[in-house]
Amino acid sequence: MNSDLFAPGNMATQSTAPGMVQQNAKSLKYALDGECYARQGSMIAYRGDLHFEKQGQGVGKFLKRAVTGEGLALMAVRGRGEVWFAHEAANCFIIDLAAGDGLTVNGRNVLCFDPSLSYEIQVVKGAGMIGGGLFNSVFSGQGKLGVMCEGNPVVIPVSPQAPVFVDTDAVIGWTSALHTGLHRSQSLGSMLRGGSGEAVQLRLEGEGFVLVRPSELRPEKSAGN
């Protein structure tokens, strides 16, 4: 059988080492000999002896998600084999965190991650009671984190001399060491007259970077596996 479909770039090959790798722009592959964690409903294929278990939300950080409605709906993948993750053809990227690194990520943008990473749901300091930007997942430790984004994200450096202001519906994540707060770019009079629709942004200052998506957030479909 002959087809351009069988081009080398489309073919899945046997992994030579455990861990997370880029399969293509829209999916990640994880060679497993133990366990990893992933977004519920993100498995698109696997081979080998693998088991998938929905993570409960009754205690600890999972209780926070039940109360706030934010965070990660996770599943644990355990066993030995290979598994492919993707979500609605979003672009996928791997971030390799070193010891001492910290990354704050919107839970909607997390695809999968190594068990060596720890995460917790935290209130975004200084953000006040705003939708979409109040609670995020903070990752730390050493390991790989798979994130996803509709389109290619914009990576914007942040420095003490040049704070960055981002739309709370567009931000994916930022270096955890950055300081956050709300910034109002419209006067009260302008807001009462209808304004521009961009009244409040998240202010990030310090030393690091912020990731933003090339569009505002759309309502998300419920995940299922």
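Predicted model: local features only at pLDDT ≥ 70, side-chain atom pairs only at ≥ 80, totals over all residues.
Local features need pLDDT of at least 70, side-chain atom pairs count only at pLDDT 80 or more, and totals for chains, interfaces and linings use all residues. Residues are numbered from 1 along each chain as its sequence is written, and side-chain values use heavy atoms, without hydrogens and water.

Rings of Phe, Tyr and Trp (its six-membered ring) pair if their centres lie within 6.5 Å; planes under 30 degrees apart count as stacked, over 60 as edge-to-face and the rest as tilted. By this rule, there are five aromatic pairs. The ring centres of Tyr-119 and Phe-139 lie 5.6 Å apart with planes at 25°, so this pair is stacked. Tyr-119 belongs to strand 8 (residues 117–123) and Phe-139 to strand 9 (residues 135–141), 20 residues apart. Strands here are DSSP runs (E, at least two residues), numbered from the N terminus. Tyr-119 is buried at 8% relative accessible area. Phe-139 is buried at 0%. Buried means under 20%, exposed over 50%, and partly exposed in between (1.4 Å probe, protein chains only). Ring pairs also link Tyr-37, Phe-113, Tyr-119 and Phe-139 into a cluster.

Phe-6 lies in the segment before strand 1 (19–24). Phe-6 is partly exposed, at 38% relative accessibility.

Three strands form an open antiparallel sheet in the order 12-15-14. Strands pair if DSSP finds at least two bridges between them. Strand 12 (164–166) and strand 14 (179–184) are the edges, each pairing on one side only. Three bridges join strand 12 to strand 15 (residues 200–205). Phe-165 stands opposite Arg-203 in strand 15.

Methods
Helix = DSSP H or I, 4+ residues; strand = E, 2+ residues; numbered from the N terminus.
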